[in-house]
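Here are my notes on the model. Please read them with the structure open.

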Amino acid sequence: MNNTTPIIDIIELKLVINEAINSYLLKLESTLLQPHELFLNNFLELFKLNTTELFSAKKTISIREHRQVLQYILMTNFHLQYSKVGEITNRDRATILHSCTTVKNLLDISDGNISRIYNKALSLI
């Protein structure tokens, strides 16, 4: 009977340790940035923008172009859904669709400013 007690204790100890490790990993995972979140932070830093101005209702050409390129990259390179991109950028699904279509069309005709923003942003990926 004494021979089995240490084995049971070791098994119980392993279970407790595994539970503690799994709990720690779940907490750690929740604090790590997702790839699209890291890209967003780098995008803001690269273009010297902040979330308040980029995601506001401002329609100045510069802000709008950066916001549209960001939305396009989140859709095409990170494969996020319209609803997720809308949640991130404070826009509705129709606006995201319009932005992505606009950027794609402007890239197809090699629009200078959109292409510059897009290519610079792609260097972050």
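1. Phe-39 and Phe-43 sit 4 residues apart in helix H2, so about one helical turn separates them. Helices here are DSSP runs (H or I, at least four residues), and strands are E runs of at least two, numbered from the N terminus. An α-helix has 3.6 residues a turn, so residues three or four places apart point the same way. Both Phe-39 and Phe-43 are buried. Buried means under 20% relative accessible area, exposed means over 50%, and partly exposed lies in between (1.4 Å probe, protein chains only).

2. **Ground rules.** This is a predicted model: local features need pLDDT of at least 70, side-chain atom pairs count only at pLDDT 80 or more, and totals for chains, interfaces and linings use all residues. Residues are numbered from 1 along each chain as its sequence is written, and side-chain values use heavy atoms, with hydrogens and water left out.

3. **Aromatic pairs.** The structure holds 4 aromatic pairs. The ring centres of Phe-39 and Phe-43 are 5.9 Å apart and the planes meet at 45°, so this pair is tilted. The cut-offs: rings of Phe, Tyr and Trp (its six-membered ring) pair if their centres lie within 6.5 Å; planes under 30 degrees apart are stacked, over 60 edge-to-face, and the rest tilted. One aromatic cluster is formed by Phe-39, Phe-43, Phe-47 and Phe-78.

4. **The core.** Which residues touch the most other members of the largest nonpolar core? They are Phe-39, Phe-43, Leu-49, Leu-54, Val-69, Leu-70 and Leu-74, out of 26 residues in that core. At least two core residues come from each of H2, H4, H5, H6 and H7. H4 gives the largest share, 7 residues. A nonpolar core is a set of buried Ala, Val, Leu, Ile, Met, Phe, Trp, Tyr and Cys residues joined through side-chain atoms within 4.5 Å.

5. **Leu-54 contacts.** Beyond its neighbours within four places in sequence, Leu-54 is in contact with Phe-43, Leu-44, Leu-49, Ile-63, His-66, Arg-67, Leu-70 and Arg-91. Contact means heavy atoms within 4.5 Å.

6. **Helix H4.** Is H4 enclosed or open? Of its 16 residues, 12 are buried, so H4 is largely enclosed by the rest of the structure. **Gln-71.** Gln-71 lies in helix H4. With a relative accessible area of 1%, Gln-71 is buried. Leaving out residues up to four places away in sequence, Gln-71 touches Val-85, Thr-89, Arg-91, Ile-96, Ser-99 and Cys-100.

7. **Salt bridges.** How many salt bridges does the count come to? The count is 2, where a salt bridge is a side-chain nitrogen of Lys or Arg within 4 Å of a carboxyl oxygen of Asp or Glu. Side chains of opposite charge can pair when their charged atoms come close.

8. Glu-87 and Lys-84 form a salt bridge at 3.5 Å, N to O. Both lie in helix H5 (residues 82-89), 3 residues apart, about one turn of the helix. Glu-87 is exposed at 58% relative accessibility. Lys-84 is partly exposed at 30%.

9. Lys-104 bridges to Asp-108, with the closest N and O atoms 3.2 Å apart. The two are 4 residues apart in helix H6 (residues 93-108), about one helical turn. Lys-104 is partly exposed, with a relative accessible area of 42%. Asp-108 is exposed, at 52%.

10. **A charge over a ring.** Arg-93 lies over the face of Tyr-82, 4.6 Å from the ring centre. The rule asks for NZ of Lys or CZ of Arg within 6 Å of the ring centre and within 35 degrees of the ring normal.

11. **Ser-83.** Ser-83 lies in helix H5 and is exposed, with a relative accessible area of 52%.

12. **Positive phi.** Most residues other than glycine have a negative phi, and most peptide bonds are trans. His-79 is not a glycine, yet its phi is positive, about 55°. His-79 lies in the loop between H4 and H5 and is exposed at 63% relative accessibility. Asn-90 also has a positive phi, near 60°. Asn-90 lies in the loop between H5 and H6 and is exposed at 57% relative accessibility.
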